[in-house]
Amino acid sequence: INPLRPLWEMDLYGKAFAAASHTGLTEMANGINQMRLDTEHEYFNSGVMLIDLTAARKLVTAEEVFACVSEHEKELILPDQDIISGLYGDRIIPLDSYKYNMTERLFAFHIRIGDRMNIDYVRRNAVIIHYCGRNKPWKSGYVGKLNVFYDETVQRMREQGYRTPEKTAE
C-alpha cells in the first residue's frame with residue numbers, strides 16, 4: 001500500500017535474505033519454534049521476503065533442504081518457513097513486521113490491547129499487507145479490518161479497466 005522501493009533497495013550486508021520475524025506479539029511462538037527446530041535465531045515468516053538471488057544460489061542446495069525435511073519431517077508445521085528459519089535464519093536480516101508484513105492478527109492484537117494502532121496508522125506506515133492463514137478478504141466469511149486495503153486495490157483496478165477477482169467460497 002506504500003512504495004516498495006526502500007525494501008527493494010535495502011542493503012542485505014552480505015546476507016541472503018530479509019524477512020519479518022515472529023517476535024514481539026508472538027515471542028512465545030518464536031521460542032517454541034527455536035526449540036522445535038534447534039536454533040538460536042529468530043523464526044521468520046516466509047510470506048514477505050527479499051532475496052539476494054546470487055547469495056541464495058550459493059547458499060541453498062536441494063540436498064541440504066531435502067536432508068532437513070527428512071530429519072525434521074514430523075516437526076514441520078509450516079514447512080517453507082520452518083526450513084528457511086531452521087537452515088538459513090542466521091543469514092536473514094529481520095524486517096519490521098508493522099511495515100513489511102502487517103497481518104490481520106498483528107492488527108487485531110493491537111486493537112485488543114488498546115494502543116493507538118488504527119487503519120490510519122496502517123495506511124501511513126505499512127508497505128505490505130499480508131493476508132495470511134485462511135482469513136482472506138477475497139473469500140466469503142472474512143473477519144477483520146484490513147480488507148479495506150484489498151477493497152481499495154480492487155476498486156482501483158476496476159477504474160483502470162483491469163479484470164478483477166470475485167469473492168470465492170471458503
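Tyr-13 is exposed, with a relative accessible area of 66%; here buried means under 20% relative accessible area, exposed over 50% and partly exposed anything in between, computed with a 1.4 Å probe on protein chains only. The model is a predicted one, so local features need pLDDT of at least 70 and side-chain atom pairs count only at pLDDT 80 or more, while totals for chains, interfaces and linings use all residues. Residues are numbered from 1 along each chain as its sequence is written, and side-chain values use heavy atoms, with hydrogens and water left out.

Back to Tyr-13: the residue sits in the loop between α1 (5-8) and β1. Helices (H or I, at least four residues) and strands (E, at least two) are DSSP runs, numbered from the N terminus. The phi of Tyr-13 is near 50°, a positive value in a residue other than glycine. Glu-9 belongs to the loop between α1 and β1 and counts as exposed at 52% relative accessibility. Along the chain, Glu-9 and Leu-50 are 41 residues apart, yet their C-alpha atoms are 9.7 Å apart in space.

Zooming out, the chain holds 9 helices and 3 strands. Read along the sequence, they follow the pattern α-β-α-β-α-α-α-β-α-α-α-α. Of the 170 residues in the chain, 35% are buried. As for contacts (heavy atoms within 4.5 Å), 72% of those between residues at least 6 apart in sequence join residues at least 24 apart.

Next, the sheet. Strands of a sheet pair through backbone hydrogen bonds, either parallel or antiparallel. In this model the 3 strands form an open sheet in the order β2-β1-β3, with mixed pairing; two strands are taken to pair if DSSP finds at least two bridges between them. β2 (44-51) and β3 (92-95) stand at the edges with a single partner strand each, so one side of each is left without a neighbour in the sheet. From one strand to the next, the twist averages 35°.

Helix α5 lies across β1, β2 and β3, running at about 65° to β2. Axes are lines fitted to C-alpha atoms, for helices over the stretch in contact, and angles run from 0 to 180 degrees between N-to-C directions.

On to helix packing. Two packed helices are described by the angle between their axes and the distance between the axes. For helix α4 (residues 62-72) and helix α5 (residues 79-88), the angle is about 110° and the axes are 11 Å apart. That makes α4 and α5 roughly perpendicular to each other; angles under 35 degrees count as roughly parallel, over 145 as roughly antiparallel, 65 to 115 as roughly perpendicular and the rest as oblique. The contact is made by Glu-64, Val-65, Cys-68 and Val-69 of α4, together with Ile-83, Leu-87 and Tyr-88 of α5. Sorted by class, the contact of α4 with α5 has 6 nonpolar, no polar and 1 charged residues. In this scheme Ala, Val, Leu, Ile, Met, Phe, Trp, Tyr, Cys and Pro count as nonpolar, Asp, Glu, Lys and Arg as charged, and the others, Gly among them, as polar.

Leu-59 ties several of these pieces together. It lies in helix α3 (residues 53-59) and counts as buried at 17% relative accessibility. Leaving aside residues up to four places away in sequence, Leu-59 touches Ala-16, Phe-17, Glu-64, Tyr-88 and Arg-91. The C-alpha atoms of Leu-59 and Lys-15 are separated by 9.9 Å, with the two residues 44 apart along the chain.

With a relative accessible area of 28%, Met-157 is partly exposed. Not counting residues up to four places away in sequence, Met-157 touches Tyr-162, Arg-163 and Thr-164.
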